Amino acid sequence: MIILKAVKDLTLMKNILYRELPQSITVLGGVLHILHNNLCHLEIKFAFVSLKGLPSSHCDLIKELATLSGLDITEYGGYNTFIHYSPENTDWQEKVLLLPVSILDESHAELVDTHLPYGGNQDSLNHVRACIRHLPNHCVMDEEGRPASWMLSDELCELRMAYTRPEYRRAGHLLALSLALIRRMSSLGLPVYCHVSQHNQAVINAVTSLGFSACPSIEKISVLLICKDRV
């Protein structure tokens, strides 16, 4: 097992991962998070890294080993990776919204977690709180100061957990939040990418219009990344 801790080693790994895009995007996000003060206390342990992806035949073995180590793993499949290679060239002409763009705080964590397909448990709620506390996010507030639409980033620098309450849909909120978060991530020197369900054509069309490129050839990643947030 190789554990990289020194800044020079992580920087070298970062440069290697950039050369291996798009397959390395998730690992690159984790390494960049560590280099940006590691506010979520991310630990990355490389037992074996295949930048071309992990064959699906190995998944059952990894799940078995993880279970023996006391880890609970749930697999969510059917997603494609979309990467924005040149966010600095994005057209920043922002849509004028009736509601103000703001930032989530930890009191909003339960609302965000409620609308996650894997939410509703303490681990998920803790993770949402950590992402809100430490990482870039944006939201639109309603007239009562309650989030109407939101988008977060996680400890691997992925844009995710986007949602708009039904009564506020079809108003361009997620488009405006996407532009704001892309600009913020880019200004921090972080990669800009997301995962979209292969069956959600509306979102695929939306991210493509924003300049994201699909990477359907990416397979599962053979790296274990654990986020440990200190209360």
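User: What makes two strands a pair?

Analyst: Two strands pair if DSSP finds at least two bridges between them. Strands (E, at least two residues) and helices (H or I, at least four) are DSSP runs, numbered from the N terminus. This is a predicted model, in which local features need pLDDT of at least 70 and side-chain atom pairs count only at pLDDT 80 or more. Residues are numbered from 1 along each chain as its sequence is written.

User: Why are strand E2 and strand E7 called paired?

Analyst: Six bridges join E2 (residues 79-84) to E7 (residues 192-197), and at least two are needed. The strands therefore pair, and they run antiparallel. Asn 80 stands opposite Val 196 in E7.

User: How do you know that strand E6 pairs with E7?

Analyst: Two bridges join E6 (residues 158-164) to E7, and the strands run parallel. The rule asks for at least two, so they pair. Leu 159 has Cys 194 in E7 as its bridge partner.

User: Why is the aromatic pair of Trp 150 and Tyr 163 called tilted?

Analyst: Rings of Phe, Tyr and Trp (its six-membered ring) pair if their centres lie within 6.5 Å; planes under 30 degrees apart count as stacked, over 60 as edge-to-face and the rest as tilted. Here the centres are 5.4 Å apart and the planes 35 degrees, so the pair is tilted.

User: What does this pair tie together?

Analyst: Trp 150 lies in strand E5 (residues 147-153) and Tyr 163 in strand E6, so the pair ties together parts that are 13 residues apart in sequence.

User: Why does Trp 150 count as buried?

Analyst: Buried means under 20% relative accessible area, exposed over 50%, partly exposed in between (1.4 Å probe, protein chains only). Trp 150 is at 1%, so it counts as buried.

Methods. Heavy atoms only, no water.
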